[in-house]
Amino acid sequence: MKNGVEQNWHATACILCSINCGIEIEFDGRQFKRIRGDKNHPVSEGYLCQKAARLNYYQHHASRVKQPMRRKADGSFETIDWDTAISEIAEKLTHLRDTYGGHSIAYYGGGGQGNHLPGAYASAFRAALKTPYIYNSLAQEKTGDFWVNGKLFGRQTCHVTEGIEHADYAILLGTNPWQSHGFPQARQVLKQIAKDPNRTLVVVDPRRTRTAEMADIHIPVKPGSDAFLLMALLGVIVQEGLADTDFLEKHTNGHEALFEILKSVSITDYAERAGVDVALVEKVARGLAAAERGCTRHDLGLEQSLHSTLNCYLEKLLFLITGNFGKEGCNNLHTQFVALIGHSKEPEDGGVRTRVTGMKEISKLFPPNILPAEIDTDHPERVRAVFVDSANPMQTAADTQAYRKAFAKLDLLVVVDVAMSETAALADYILPASTQFEKAEATFFTLSFPTNYFHFRDAIIEREGDTLPEPEIYQRLVSAMGLLPKRFPLLETAAKMQRRYPKLDLFPKALGITLALRPQWKNYAAAILYKTLGKVLPEGKQSAAVLWATARFYANRYTKQVRRAGYSGKKHMLGEALFDNIITAGTAVPLSTHTYEEVWELVRHKDGKIHLEIAELFAEMKALQSESTPLTEAFPLILAAGERRSYNANQIYRDPDWRRNDKEGALRIHPADGEKAGLSDGILARCESKTGAIEVRVQFDESMLPGYVSLPHGYGQQYPDAENPDTILQNGPSINLLTTGDHCDPIAKTPYHKFVPVRVQAI
Ligand SMILES: Nc1nc2c(c(=O)[nH]1)N[C@H]1C(S)=C(S)[C@@H](COP(=O)(O)OP(=O)(O)OC[C@H]3O[C@@H](n4cnc5c(=O)[nH]c(N)nc54)[C@H](O)[C@@H]3O)O[C@H]1N2
Ligand SMILES: Nc1nc2c(c(=O)[nH]1)N[C@H]1C(S)=C(S)[C@@H](COP(=O)(O)OP(=O)(O)OC[C@H]3O[C@@H](n4cnc5c(=O)[nH]c(N)nc54)[C@H](O)[C@@H]3O)O[C@H]1N2
Ligand code: SF4
Ligand SMILES: [Mo]
């Protein structure tokens with residue numbers, strides 16, 4: 001019995017969303033017989049949602065890939081062995097790199113909702129490719145937000161978290177945590193706020209979601225008009241003198257210029273443009289300003305709609321100008337354990353731009369929206385090869401048709417996946433990864449404050465087929481590219497000594513000497529750690545090697561806070577203690593505990609202040625006044641392409657049987673709109689945008705704001721018919737056939753997926 005787990009119950013984490021609740025799985029042979037919340041998990045404490053109960057459908061289904069595959073001249077796949085796959089891919093990539101340069105290769109993905117260890121090792125691989133490009137889904141949602149954080153707090157890695165569980169006034173904008181979660185034990189927290197008369201929940205959403213139903217105040221904003229609503233809210237606070245000027249004077253600069261703009265906002269006009277009653281705007285603005293513990297949280301409803309980056313800024317201004325920062329129940333910054341994102345300079349300061357479209361890098365990432373244009377061109381510096389890991393852009397990136405066309409032009413497409421995804425189906429090589437229960441894994445979603453947690457999970461089931469964990473795949477690729485020797489005898493010995501006599505601290509010294517002699521190896525540090533320190537870690541934990549370096553770095557940087565979380569040890573032994581706990585605890589462990597005052601140590605501007613003035617966004621704020629509604633007669637409805645529902649979970653489940661309801665992923669529409677369009681509830685209809693058309697099942701739904709329709713995210717997978725495996729069926733709508741790459745935010749190029757003009761007609 002370990003971590004209080006009974007025999008045959010194995011502790012791990014759910015891999016379906018960023019919360020990664022601790023779960024326990026009971027096996028019947030290889031089948032997941034029962035799944036329950038892990039009460040010993042310090043963050044989720046036994047909580048889980050309905051989606052986790054179905055994880056057997058992730059582990060076992062007809063589309064798993066179990067052997068490396070290579071495309072034949074006739075277009076079909078043949079299975080090959082790993083050595084052949086690795087050496088051929090390494091040779092082709094080396095050739096492209098040496099002929100056209102590293103920028104001819106793009107890396108896409110690197111981790112999903114449950115698996116970030118691949119990303120940590122992919123750094124060595126990307127260094128070997130000399131590619132500047134990481135395309136990632138975070139850059140189709142959060143990079144606008146990260147960019148704003150960079151301006152406000154000094155680095156794009158300064159990420160904001162919210163203490164909703166302690167808040168007495170919480171505003172949720174464009175997010176439906178009842179379904180999507182986004183913070184731990186979401187349903188519990190929502191229920192607690194709902195039943196407490198002294199706490200207020202405000203939900204801003206064009207749909208009366210489950211979350212909105214629990215709210216004290218629901219603001220059914222017009223889709224795409226949050227910038228107007230937010231400006232009106234900020235306008236009330238400033239115009240009524242409700243801002244926290246002591247906080248602003250002490251901790252920020254630039255508020256005078258900001259207030260100039262907000263003073264001139266016409267609150268009635270902006271409220272009306274957002275479709276919201278002025279009295280409601282005033283009530284909420286005053287409520288937040290008066291709150292002891294106020295906080296705000298937003299998600300895709302703001303990020304994937306008009307004014308995405310501006311929205312993220314205005315939302316932060318709400319808690320900043322009311323001084324709801326750096327206190328319990330308010331918004332705060334938090335630490336990052338392993339870097340999930342980085343900080344990118346602006347191009348003027350030497351930051352990277354893509355060669356074809358000139359898009360700047362944000363947080364070390366590039367947006368999937370621009371990738372087809374970077375490939376499908378005669379530009380001499382175009383992208384010629386794409387390496388995808390843990391992502392399915394053929395379903396999840398904007399404009400599926402543009403992707404299909406662009407990917408067909410590539411010299412090489414390699415996909416690392418556990419399943420035959422729509423992207424894998426187009427690949428030249430498919431490298432089969434072990435599932436997240438067959439290998440050690442972790443995520444870098446360490447998003448909490450004041451105590452931050454990290455969960456390293458062991459494999460809990462034997463590997464099926466000839467699959468490999470990604471860290472091993474990357475290490476083999478880097479070695480096959482001839483960049484690292486097969487063995488590191490000196491480092492291997494030093495690593496053994498390190499584990500046996502950590503006080504002597506021999507390994508870092510040996511590593512330091514090695515890298516001083518061979519500075520070119522610095523870029524491959526992750527692969528070297530894996531091949532040396534990784535080998536002497538307990539069985540099955542080799543991929544924790546990078547975490548050793550991270551734990552030591554973290555303990556060195558946040559010494560006080562790591563000690564406060566319960567660790568002891570002098571100098572480097574503190575980091576060793578943290579690392580040992582991470583790899584042996586069998587559940588999430590606390591990394592560090594800050595005091596609320598110490599949040600200011602996480603602000604990265606040299607003056608320690610929050611810089612409120614952002615020139616680009618000031619200009620966008622001023623331009624709002626003259627903006628007109630983008631609706632047209634041809635496409636009278638606004639589609640939210642990608643709603644989170646009870647039975648969708650990105651592209652992680654492929655077997656349609658996992659869903660208990662909404663099997664067809666219905667189009668939700670207000671009955672009045674439906675009737676106007678000549679539809680009736682339950683019929684098949686055609687949903688058409690300027691880019692494409694798909695067939696959908698119509699569902700009349702009173703919770704939708706008139707004029708607003710929605711389709712779910714996470715459908716559209718191809719799968720073999722159970723009775724007749726040669727027949728390929730499709731699992732609900734492929735929504736990105738309706739979206740386009742250029743319908744996006746001007747700064748971050750994040751797609752306006754929640755604002756797709758469409759028409760719906762009976763078939
Ligand atoms: N069940 C489930 N949960 C998930 C996922 C999943 O696939 N399924 N995916 C995970 C991932 S990757 C993410 S990023 C999160 C996303 O989590 P959320 O962003 O919370 O989920 P969504 O349903 O995409 O969008 C949230 C809400 O935005 C509203 N909305 C649409 N347009 C507008 C608008 O113009 N203004 C405002 N204010 N609101 C608008 C929608 O009506 C919807 O209720 O969910 C995570 N959790
Ligand atoms: N229209 C529209 N498009 C959207 C959205 C939307 O709301 N509307 N939401 C966007 C958002 S917020 C997100 S986060 C993205 C998500 O889209 P993606 O970034 O494409 O990620 P996932 O859907 O999580 O796909 C993960 C892939 O990883 C594979 N996988 C699972 N486990 C492993 C593993 O251990 N190793 C490897 N190598 N592969 C594994 C799965 O089989 C699957 O093919 O979609 C985006 N696309
Ligand atoms: S909230 Fe649900 S989907 Fe998210 S990690 Fe927990 S159990 Fe999994
Ligand atoms: Mo996401």
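Helices (H or I, at least four residues) and strands (E, at least two) are DSSP runs, numbered from the N terminus. The views below show a predicted model, in which local features need pLDDT of at least 70 and side-chain atom pairs count only at pLDDT 80 or more, while totals for chains, interfaces and linings use all residues. Residues are numbered from 1 along each chain as its sequence is written, chains are lettered from A and ligands numbered from 1 in the order in which they are written, and side-chain values use heavy atoms, with hydrogens and water left out.

**View 1. V278 in helix α12.** V278 lies in helix α12, which covers residues 278-290. Contact means heavy atoms within 4.5 Å. Leaving aside residues up to four places away in sequence, V278 touches I267, T268 and A271. G351 is 73 residues from V278 along the chain, and the C-alpha atoms of the two are separated by 43 Å.

View 2. Two strands pair if DSSP finds at least two bridges between them. The four strands of this open sheet come in the order β11-β10-β9-β13, and their pairing is parallel. Because β11 (217-219) and β13 (294-298) stand at the edges with a single partner strand each, one side of each is left without a neighbour in the sheet. Neighbouring strands here are turned by 15° against each other on average, direction ignored. Strands β9 (residues 169-173) and β10 (residues 200-204) run parallel and are joined by five bridges. A170 has L201 in β10 as its bridge partner.

View 3. The order of the seven strands is β5-β4-β17-β16-β15-β6-β7, with mixed pairing. At the edges are β5 (77-79) and β7 (134-135), each of which pairs on one side only. Strand β6 (residues 105-109) pairs with strand β15 (residues 385-389) in the parallel sense, over five bridges. Opposite G109 stands D389 in β15. Helix α18 (residues 470-480) packs on the sheet and touches β6, β15, β16 (412-417) and β17 (429-432). The direction of α18 makes about 150° with that of β15; axes are lines fitted to C-alpha atoms, for helices over the stretch in contact, and angles run from 0 to 180 degrees between N-to-C directions.

View 4. A residue is near a molecule or strand if one of its heavy atoms lies within 4 Å of it. There are 33 residues around ligand 1, of which T175, S180, D205, D226 and N648 come nearest. A polar contact is a pair of N or O atoms within 3.5 Å; within protein, one must be able to donate a hydrogen and the other to accept it, and residues adjacent in sequence count only if both atoms are side-chain atoms. T175 has a polar side-chain atom 2.7 Å from an oxygen atom of ligand 1. For D205, an N or O atom in the side chain is 2.6 Å from an oxygen atom of the ligand. L300 takes part through a polar backbone atom, 2.9 Å from an oxygen atom of ligand 1. On its own, ligand 1 has 910 Å² of accessible area, and the protein covers 97% of this; accessible areas come from the Shrake-Rupley method with a 1.4 Å probe, and for residues only the protein chains shown count as cover. At least two residues of the shell come from each of α5 (177-180), α13 (300-303) and β22 (637-643). The most come from α13, with three residues. By class, the shell has nine nonpolar, 14 polar and 10 charged residues. Ala, Val, Leu, Ile, Met, Phe, Trp, Tyr, Cys and Pro count as nonpolar, Asp, Glu, Lys and Arg as charged, and the others, Gly among them, as polar.

**View 5. The surroundings of ligand 2.** Of the 32 residues around ligand 2, the nearest are S137, T396, D417, E470 and A641. A backbone N or O atom of T396 is 2.6 Å from a nitrogen atom of the ligand. In the side chain of R644, an N or O atom lies 2.7 Å from an oxygen atom of ligand 2. The side chain of H753 has an N or O atom 3.4 Å from a nitrogen atom of ligand 2. The protein covers 97% of the 920 Å² of accessible area that ligand 2 has on its own. Two or more residues of this shell come from each of β16 and β22. The shell around ligand 2 has nine nonpolar, 16 polar and seven charged residues.

**View 6. Backbone details in two loops.** The peptide bond from F449 to P450 is cis, with omega near 5°. P450 lies in the loop between β18 (441-442) and β19 (451-457). Q185 belongs to the loop between α5 and α6 (186-195). Phi of Q185 is near 50°, a positive value in a residue other than glycine.
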